[in-house]
Amino acid sequence: VWRNLEGPQASFTPYQRFDLLKSWQASVGAREGLAPFIVIGFDTDRRPLLLLPLALRQAYGARCVSFMGGKHSTFNMALWDHDFAASATTVDLDGLIELISQHCEADVLALHQQPVRWRDLPNPLALLPHQPSANDCPLLTMEPGAAPTALISNSFRRRLKGKERKLQALPGYRSHIASTEADITRLLDWFFRVKPLRMAEQKLPNVFADPGIEDFVRSACTTKLADGRHAIDIHALECDEEVIAIFAGVADGYRFSMMFNTYTMSPNSKYSPGLILMRDIIDHYAAQNYRALDLGIGSDDY
């Protein structure tokens with residue numbers, strides 16, 4: 001049912017793909033004592049209308065159900081049949097919650113970080129009482145056929161081009177998407193060495209050091225989807241001597257969402273490799289006719 005609801009007649013975010021959350025549950029959820037709590041809603045003909053990929057845990061003496069994926073999932077949403085998502089009413093949603101409550105396995109539904117809309121459809125769960133998130137996720141919209149300067153200004157491109165000339169002098173300089181397991185492993189080995197240093201430099205806790213997270217990331221980055229993409233794709237800027245920067249995220253043919261990134265500790269960092277790679281990523285997905293791109297929750301000058 002889950003895989004069928006990942007088809008073209010469904011509305012869902014790539015963070016709720018079976019392959020991504022299977023990796024998360026095996027590496028993180030099970031280690032933290034979370035049990036899968038999968039809710040499927042059918043119509044009277046037993047046709048699946050929705051699937052909620054949830055997990056059950058004990059918290060403060062209560063049985064709490066929340067979305068799988070933890071803090072590494074930017075967006076949480078059910079997988080919805082497209083037509084049902086477009087026509088669902090508050091009566092439908094109240095009935096869903098009532099039926100879940102009748103199972104008496106959970107005390108609390110804590111359904112955080114849901115988008116109000118995804119692509120061209122509303123998120124039906126937004127019909128329930130809710131509050132806005134304290135954190136926003138800025139979105140870059142990309143019109144088909146838009147000129148590159150409509151996505152990133154000409155002046156900013158010139159600034160990056162001047163910096164990139166310094167990097168282009170490095171032997172083997174290149175920008176690419178990791179496609180082989182050997183490349184993915186090599187890039188992740190580098191990431192897990194450098195990211196803790198970067199986070200310590202910013203006086204931030206290293207969330208990638210939490211139990212199971214590295215296993216989850218490695219598993220998801222090497223899991224191939226039916227369309228040839230990986231559950232998490234890695235974009236890299238590197239030369240023969242070192243990895244210069246990486247951005248990793250999830251894609252669905254319409255939108256690319258970044259999940260994690262870091263850049264070199266070497267002197268090459270002064271040439272803004274993260275921004276150069278971000279420009280390459282935007283241009284890459286615009287050429288693939290993607291309509292949107294986000295950098296995750298939060299904000300920065302860019």
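This is a short tour of the structure above, stop by stop, with something to select each time.

Before you click, know that this is a predicted model, where local features need pLDDT of at least 70, side-chain atom pairs count only at pLDDT 80 or more, and totals for chains, interfaces and linings use all residues. Residues are numbered from 1 along each chain as its sequence is written, and side-chain values use heavy atoms, with hydrogens and water left out.

**Stop 1: a nonpolar patch**

Select V1, I38, I40 and F42. Together they make a nonpolar surface patch of about 290 Å². To join a patch, a residue needs over 30% relative accessible area and no salt bridge; like charges are joined within 9 Å, and nonpolar side chains (Val, Leu, Ile, Met, Phe, Trp, Tyr) within 5 Å. The areas come from the Shrake-Rupley method with a 1.4 Å probe, and for residues only the protein chains shown count as cover.

Now pick out I40. It sits in strand β2, residues 35-42. Helices (H or I, at least four residues) and strands (E, at least two) are DSSP runs, numbered from the N terminus.

**Stop 2: salt bridges**

Side chains of opposite charge can pair when their charged atoms come close. A salt bridge here is a side-chain nitrogen of Lys or Arg within 4 Å of a carboxyl oxygen of Asp or Glu. How many salt bridges does a search of the whole structure find? The search turns up 20.

Show D215 and R31, whose side chains form a salt bridge at 3.5 Å, N to O. D215 is in helix α7 (residues 213-222) and R31 is in the loop between α1 (18-29) and β2, so this pair ties together parts that are 184 residues apart in sequence. D215 is partly exposed, with a relative accessible area of 42%.

Next, select K71 and D210. Their side chains meet in a salt bridge too, at 3.4 Å, N to O. K71 is exposed at 61% relative accessible area, whereas D210 counts as partly exposed at 30%.

Move on to E238 and R174, another salt bridge, at 3.7 Å, N to O. E238 is in strand β11 and R174 is in strand β10 (residues 174-177), which puts the two 64 residues apart. E238 counts as buried, with 1% relative accessibility, and R174 counts as partly exposed, with 32%.

**Stop 3: a buried charge**

Stay in strand β11 (residues 233-238) and click on D233.

What does the side chain of D233 reach at 3.2 Å? The answer is the backbone nitrogen of H230. Then display the residues that D233 touches (contact means heavy atoms within 4.5 Å): leaving out residues up to four places away in sequence, they are F247, A248, G249, A251 and Y285.

**Stop 4: positive phi angles**

Most residues other than glycine have a negative phi. Go to R46, in the loop between β2 and β3 (48-59). Its phi is near 65 degrees, a positive value in a residue other than glycine. R46 is exposed, with a relative accessible area of 59%.

Then find K203, in the loop between α6 and α7. K203 is not a glycine, yet it has a positive phi of about 55 degrees. K203 is exposed as well, with a relative accessible area of 76%.

**Stop 5: last pair**

Finish with P8, in the segment before β1 (10-11). P8 counts as exposed at 81% relative accessibility. Draw a C-alpha to C-alpha distance from P8 to L50: the two are 14 Å apart in space and 42 residues apart in sequence.

Notes
Polar contact = N/O pair within 3.5 Å; in protein donor to acceptor, adjacent residues only side chain to side chain. Buried < 20%, exposed > 50% of the residue type's maximum accessible area, 1.4 Å probe, protein only.
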